[in-house]
Amino acid sequence: MHELLDAAAEVFATHGYAKASTNAIAAAAGASPGTLYQFFRGKQEIAEALMARYVERLDAAHGAAFVVDGTALPLADLLDRVLDPIIAFDRANPGFHTLLADPGITPELAQAKRPAQDLIFKRLDGIFADRAPHLPADERRLTAAVAIHMFRGLLPMIMAASERELPTVTREAKQALHAYLAVALKES
């Protein structure tokens with residue numbers, strides 16, 4: 001089953017969710033379609049299982065990144081601590097990025113990705129609560145949501161960057177987020 005999920009991640013990353021097929025996933029895994037159907041009823045169920053695996057890995061990969069004293073670090077250092085592991089995870093798992101960003105996913109799969117999105121939002125909101133206790137909760141949550149959406153908007157550039165371009169693209173993304181957060185969190 002793990003081989004099928006690995007293959008699905010590769011196929012989704014290469015072709016997108018909408019264009020991926022169970023036959024392509026089975027072929028990439030070196031399995032027959034019949035073998036695939038012993039474990040999964042279809043592409044939707046494969047994507048849901050893959051998303052659950054990503055959420056588990058995301059939690060492990062980002063656990064340390066989000067367990068920071070948000071009040072002690074300068075904002076630029078905080079962004080490094082939070083964004084570097086996220087960028088590394090997304091680049092190491094392009095299928096995850098595809099499933100999060102693909103507009104062709106079904107409403108059920110959109111629900112399956114909610115735990116990953118909620119996990120990042122809750123952790124970021126917690127850091128902002130520590131860092132900017134003066135902000136009302138609704139303003140702080142909006143700040144976290146805008147920061148996440150800004151990063152998602154920049155993520156296609158990060159994912160497409162070559163290894164040589166990545167440091168420059170990452171630096172620019174962090175500068176954009178820093179400019180927004182410094183104002184939103186009322187930092188100097």
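Modeller: Among contacts in the chain between residues at least 6 apart in sequence, 71% join residues at least 24 apart, where contact means heavy atoms within 4.5 Å. This is a predicted model, in which local features need pLDDT of at least 70 and side-chain atom pairs count only at pLDDT 80 or more, while totals for chains, interfaces and linings use all residues. Residues are numbered from 1 along each chain as its sequence is written, and side-chain values use heavy atoms, with hydrogens and water left out.

Biologist: How many helices and strands are there in the chain, and what makes a run count as one?

Modeller: The chain has 10 helices and zero strands. Both are DSSP runs numbered from the N terminus: a helix is H or I with at least four residues, and a strand is E with at least two. From the N terminus on, the order of elements is α-α-α-α-α-α-α-α-α-α. The C-alpha trace spans about 60 × 35 × 25 Å along its principal axes.

Biologist: How are two packed helices described?

Modeller: Two packed helices are described by the angle between their axes and the distance between the axes. The axes are lines fitted to C-alpha atoms, for helices over the stretch in contact, and the angles run from 0 to 180 degrees between N-to-C directions.

Biologist: Why are H9 and H10 called roughly antiparallel?

Modeller: Helix H9 (residues 137-160) and H10 pack at an angle of about 165 degrees, with their axes 10 Å apart. Angles under 35 degrees count as roughly parallel, over 145 as roughly antiparallel, 65 to 115 as roughly perpendicular and the rest as oblique. H9 and H10 are therefore roughly antiparallel to each other.

Biologist: Which residues of H9 and H10 meet, and how do they divide by class?

Modeller: On the H9 side the residues include Leu142, Val146, Met150, Phe151 and Leu154; on the H10 side they include Leu166, Val169, Leu177, Tyr180 and Leu181. By class, the contact has 16 nonpolar, one polar and one charged residues. Ala, Val, Leu, Ile, Met, Phe, Trp, Tyr, Cys and Pro count as nonpolar, Asp, Glu, Lys and Arg as charged, and the others, Gly among them, as polar.

Biologist: How do you know whether Thr22 is buried or exposed?

Modeller: Buried means under 20% relative accessible area, exposed over 50%, and partly exposed in between (1.4 Å probe, protein chains only). Thr22, in helix H2 (residues 22-29), has 13% relative accessibility and therefore counts as buried. Leaving aside neighbours within four places in sequence, Thr22 is in contact with Leu36, Tyr37, Gly42, Lys43 and Ile46. Of the 188 residues of the chain, 43% count as buried.

Biologist: Why is Pro107 called exposed?

Modeller: Pro107 has a relative accessible area of 64%, and is therefore exposed. Pro107 lies in helix H7 (residues 107-112). Lys186, in the segment after helix H10 (166-184), is exposed as well, with 52%. Phi of Lys186 is near 60 degrees, a positive value in a residue other than glycine.

Biologist: What makes Glu45 and Gly126 partly exposed?

Modeller: Glu45 stands at 23% relative accessibility and Gly126 at 30%, so each value lies in between the two cut-offs. Glu45 belongs to helix H4 (residues 43-66) and touches Phe39 and Phe40, not counting residues up to four places away in sequence. Gly126 belongs to helix H8 (residues 114-131). Gly126 and Ala144 are 18 residues apart in sequence and 9.4 Å apart in space, C-alpha to C-alpha.
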